[in-house]
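Have the sequence and the 3D view ready as you read.

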Amino acid sequence: MTETEAAALAGRIALVAAPTDQAAEALAKLEAAYGNAALDDARIVVALGGDGLMLETQHRMLGRNLPVYGMNCGSVGFLMNDFRLEGLMERLAAAQAASLHPLHMRAYVGDGPPVEALAINEVSLLRETRQAAKIRILVDGKERLSELICDGVLVSTPAGSTAYNLSAHGPIIPLGANLLPLTPISAFRPRRWRGALLPAEAEVVFDVLEHAKRPVAAVADYTEVRDVRRVEVRENRSVTLTMLFDPDHGLSERIIAEQFTV
């Protein structure tokens with residue numbers, strides 16, 4: 001974004017904030033300094049909170065094609081820039097864009113129509129009871145694991161690879177790598193399987209075995225579907241999400257730096 005374009009943003013910035021005292025205080029200061037446009041009139045959204053608010057805001061922006069610039073008023077803030085009151089317009093002028101594609105989940109329960117949802121972080125399957133789940137995994141129609149006995153399994157976007165995927169010991173994926181990590185959660189059998197890296201265009205299908213005895217829930221970010229029998233996941237290239245970052249804190253740099261954090 002050029003400085004001329006940034007100047008044209010006067011009165012065109014929408015502010016959203018997490019329901020915390022810290023975010024509310026930041027919102028009041030920014031509103032006094034820059035105003036707060038309605039979403040229908042906005043060209044950029046500034047989100048005040050943590051990574052959870054960034055994901056929530058991106059879901060709200062689906063179909064609006066509005067870039068989101070986050071400022072950290074939470075705890076982790078991996079997807080957020082530092083909060084500062086001064087120089088917002090200049091920061092927006094210099095911000096670098098990161099474009100992401102969400103995952104599309106289609107989850108089948110019983111004989112009814114599938115439940116569909118988009119995930120910016122990951123689609124995960126999780127056991128619902130004390131008994132381990134048994135899941136068959138197919139990639140592009142070919143069976144790759146006949147039976148995974150586990151607490152769960154997930155497919156992540158590159159942006160989400162530093163979230164649940166990383167805590168499950170999955171790999172961190174740089175943006176633009178055109179890869180999706182497939183990661184087991186507490187795998188019991190096969191014990192040595194640590195997951196796989198799949199092409200971004202791959203379709204992953206999870207068939208839940210013994211689903212009545214070993215029920216499994218499927219979760220796409222905020223959408224949870226219980227007692228699933230089959231879940232299909234693939235990247236949705238028809239939807240593009242845009243996040244803005246300060247040049248010295250770009251998302252690609254953060255993803256690389258995270259791999260060297262000890």
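Is Cys-73 buried or exposed? Cys-73 counts as buried, because its relative accessibility is 5%. Here buried means under 20% relative accessible area, exposed means over 50%, and partly exposed lies in between, with a 1.4 Å probe and protein chains only. Cys-150 is buried too, at 1% relative accessibility.

A word on the model before we go on. This is a predicted model, in which local features need pLDDT of at least 70 and side-chain atom pairs count only at pLDDT 80 or more, while totals for chains, interfaces and linings use all residues. Residues are numbered from 1 along each chain as its sequence is written, and side-chain values use heavy atoms, with hydrogens and water left out.

**Cysteines and disulfides**

A disulfide is a covalent bond between the sulfur atoms of two cysteines. The rule used here asks for a pair of cysteine sulfur atoms within 2.5 Å. How many disulfides does the structure hold? The number is zero.

**Salt bridges**

The structure has 15 salt bridges, each being a side-chain nitrogen of Lys or Arg within 4 Å of a carboxyl oxygen of Asp or Glu. Three of these pairs are set out in the table.

| Pair | N to O distance |
|---|---|
| Arg-64 and Asp-40 | 3.0 Å |
| Glu-210 and Lys-134 | 3.2 Å |
| Glu-224 and Arg-226 | 3.1 Å |

Start with Arg-64 and Asp-40, whose side chains meet in a salt bridge. Arg-64 sits in the loop between helix H3 (51–61) and strand S3 (68–72), and Asp-40 in the loop between helix H2 (21–34) and strand S2 (44–49), so this pair ties together parts 24 residues apart in sequence. Helices (H or I, at least four residues) and strands (E, at least two) are DSSP runs, numbered from the N terminus. Arg-64 is partly exposed at 36%, whereas Asp-40 is exposed at 66%.

Now turn to the salt bridge of Glu-210 with Lys-134. This pair links distant parts of the chain, 76 residues apart: Glu-210 is in the loop between strand S13 (204–209) and strand S14 (216–220), and Lys-134 is in strand S8 (residues 133–139). Glu-210 is partly exposed at 37% relative accessibility, but Lys-134 is buried at 14%.

In the pair of Glu-224 and Arg-226, Glu-224 is partly exposed at 47%, and Arg-226 is partly exposed at 45%. Elsewhere, salt bridges that share partners join Arg-106, Glu-116, Arg-136, Glu-143, Asp-207, Arg-230 and Glu-232 into one network.
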